[in-house]
Amino acid sequence: MAASASVSPGWAQAAESTPIDYGALRALVVEDSSSMRNALRLTLSNFGITKVQLCSTASEAIYHVKLRDYDFILCDFNLGDGRDGQQLLEELRHSGLISINTVFMMVTAESYYEKVVATAELAPDDYMIKPFSPEVLRHRLESILLRKRAFREVYQHFLDQNLEAAAAACDALIARQPKYLVDAMRFKGELLVALGRFEEAEALYQQVIAMRAIPWARLGLARALHLQNKDDAAEIELRDVLEQAPEMVGAYDLLSDVCLTKKDAVAAQEALERGVSVSARTVRRLQKLGEIAHANGDLETARIACSQALDKGRHSIFITPNDFANLCRVQVEQGDLDGAAETLKKNKNLLVDSPEGQLVLAVTQGMVHTRNGNMTDAAKALDEAMRLRAAGTRGDAKMMLDLASTCMATGRHGEADGIVAEVARNAHDSDALLSKARQIYENAGRSDAGFDVLAQATTGVRKLNNEGVVLAQRGDFKTAVEKLLVACTEAPHNPRIMMNAVWVILKYIDQAGMDEAMIETARHHLDEAERQAPGHARIAGLRLHLKDVESRFGITRKGAG
Amino acid sequence: MNFDGTDLYAALIHELKNELGLLSMTLENIPLQNEAVHDSAVNSARLQCQGVADRLQQALLIYKSNSQPIHPSIDAWSPQDLVEEIRDRALALARDRLQVEVALAPDLPQIWFFDRDLVEMALVNAIHNSLNHARSRLRIEAGMQEGCLVLRVHDDSPGFPDKVLNAVVVDVPRHPRGTGLGLHFCRLIAQSHVNQGRRGEMRLRNDAGAVFSLLLP
């Protein structure tokens, strides 16, 4: 290298561009130590950032972010009130409270901070390791702001939900801005996955890996493989990544999905357990471990995971009343009736707040009282549960089966049959739920009755679905739509039926031209399918198809989904 | 909570980092008064505090590397951004005592693959050495050498003493103390970077001053 100083073209470019106006930035500092908060405020004001809001907990941060937009959030990883900085970030992004334009920087004292999370949605823009110097903070902030400026067009298309255009804007960055080459490839990879273009995503991650086998690229590759049902290749990739970087928690989550697809629930549980042993902070990882361990009959692991999820997620948006039901179910199955009652008692104030919570209370109390032989109280609890159900309140399928099972045990056969039929219609293709339902009838000595209820519930839906699909394959989309819409009415929460209905509606419009009412129905059913089966591999493709139909017929979607 | 030795150790270190971070930030925020006695005392305190903070980072890394090798988290970074960040840290530490320059080679790539935090720690360690020994200036250089990214800290000090140069050749610090300790740590960081069978290196030489180089494959 030449000893003489020389100025690179990149430097000259930066000098040309307008300097960042720090005075215009609005900053939020989330830090639980008051002296550190004040020191940070002073440090930021030395950079020229004077519009600074300070707060000390995640709930305060959410409160402030709801009040107004911030350009820059500087957040300590360790916060006082149970939620840590990572949970705050996930909640802010998940509920759309901060946009992709907001800079989020994490301050951490942990050398084991999860640098490699599963997706960019879960990652901060950058992190700072304590103790850090003001110059480093200023530099990193400036780098992110300049990067976001370079990505302006990409982000604009992304926010407009025009993912195709966002991917094209990434291509422009890849071609013209070598400094942002890898960042642009990373973002494009996630866009391709969201667009259902898995093969292209696979090729793109291979390109990054050819430059250097960076962990996020290998994780991206494994995800792209998994989404193309190349699960053996995905598993090999993931196991190899974890060999090299056992602290990469995101890889355990994906590995467990891959194992589940391969119907190896034991390996799926093992993967999650390893992930939890690296980091037990992520509520969703604990929830999933609880669910899989329960399905595997490993009740003690399930109990620990379920109660940890509730513990870590005390204030998290990812916790719903179903999580309390899950823990109680495991406790009841373990024979720990007092434990289940205790769980309810401890969380009663929280549960009575919503009809869904009240249903959890009623169903679980009914279960506990029945097992204790306390039939009067059991009857009262069941009456309450049936009242809530009649008013339209529903829990997840497992809890509804709990309710059915308790009804059956107390001789309320008619009510039990009704509930089981409803669950079965909405899950006509779920072996796990149907076999659980069969089990309930077997335990009650009503196997034959159960056979009839399940057959009746699923036959209609299955028949309509199959007829619809066959008609569509023959090109008769009009009749296919009719069949599947009837199926949708009978099984309003069945994700498979919803997705098939959306598919035939879109095919029908492709063939026959626009039908506004129909496209509205497709939109509605696709949203419901996503609620019931978040992240299902078919959803991205259907969204893309829907978008394509809309744009061909000049419809712009009102409001963001 | 069950407090065994490891938990206690982790909790203590955590507090220590927080308090040190606060101390450093407090010192940084003391305004200078254009008054020699006050300003030079504040500047020394800042330098010393940064020194302690950087040593703590090293200590933790070495502590971990006893039980397991250093695991770099490699990603794509801009070498230019890194060098400029280091320059600003050096300027802040040196105040007006030293001139700090940056020299970027024309062939410096826009991005390279390395663990930014580890490499920064190694360079800051070299900067601390230069701040202690340089006469009037130090230069941070970046470019390509032997197919690797090379990052150098070049000062106008009397140069590394022979025993430091020799100790580096045999790969084992004989009496790792002061300078030797920090350099041992820098070598571990360099060597943790491996690409296609090529291992990173730390090199020391004298050329009208001390030249500290990191080669990253």
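In this predicted model, helix H19 (residues 355-371) of chain A and helix H20 (residues 375-390) of chain A have axes that come within 8 Å and cross at roughly 150°. Because angles over 145 degrees count as roughly antiparallel, H19(A) and H20(A) are described as roughly antiparallel to each other. Their crossing is left-handed. On the side of H19(A), the contact is formed by A:Pro355, A:Gln358, A:Leu359, A:Ala362, A:Val363, A:Gln365, A:Gly366, A:His369 and A:Thr370. H20(A) contributes A:Asp377, A:Ala378, A:Ala381, A:Leu382, A:Glu384, A:Ala385 and A:Leu388. Sorted by class, the contact of H19(A) with H20(A) has 9 nonpolar, 5 polar and 2 charged residues.

Another helix pair in chain A can be described in the same terms. The axes of helix H13 (residues 265-278) of chain A and helix H14 (residues 283-295) of chain A cross at roughly 145° and come within 9 Å. H13(A) passes H14(A) in a left-handed crossing. From H13(A), the residues in contact are A:Ala265, A:Ala268, A:Gln269, A:Leu272, A:Glu273, A:Gly275 and A:Val276. They meet A:Arg285, A:Leu286, A:Lys288, A:Leu289, A:Ile292, A:Ala293 and A:Ala295 of H14(A). This contact of H13(A) with H14(A) comprises 9 nonpolar, 2 polar and 3 charged residues.

Chain A also holds an open sheet of 5 strands, in the order S2-S1-S3-S4-S5 and with parallel pairing. Strand S2 (51-55) and strand S5 (126-129) of chain A stand at the edges; each has a single partner strand, so one side of each lacks a neighbour in the sheet. From one strand to the next, the twist averages 20°. The partner of S2(A) is strand S1 (residues 26-30) of chain A, and the two pair in the parallel sense over 5 bridges. Within this pairing, A:Val29 has A:Leu54 in S2(A) as its bridge partner.

The last topic is the contact between the chains, which takes 34 residues from chain A and 43 residues from chain B. On the side of chain B that touches chain A, the elements giving two or more residues are helix H1 (5-28), helix H2 (36-67), strand S1 (75-77), helix H3 (79-94), strand S2 (99-104) and strand S4 (137-145) of chain B. H1(B) gives the most to this side, with 10 residues. By class, the side of chain B that touches chain A has 17 nonpolar, 15 polar and 11 charged residues.

How values were computed
Residues numbered from 1 in each chain as written. Chains lettered and ligands numbered in written order. Predicted model: local features only at pLDDT ≥ 70, side-chain atom pairs only at ≥ 80, totals over all residues. Axes fitted to C-alpha atoms, helices over the stretch in contact; angles between N-to-C directions. Helix = DSSP H or I, 4+ residues; strand = E, 2+ residues; numbered from the N terminus. Left-handed = near helix turned anticlockwise from the far one by under 90°. Contact = placed C-beta atoms within 7 Å. Nonpolar A, V, L, I, M, F, W, Y, C, P; charged D, E, K, R; others polar. Pairing = 2+ DSSP bridges. Parallel < 35°, antiparallel > 145°, perpendicular 65-115°, else oblique.
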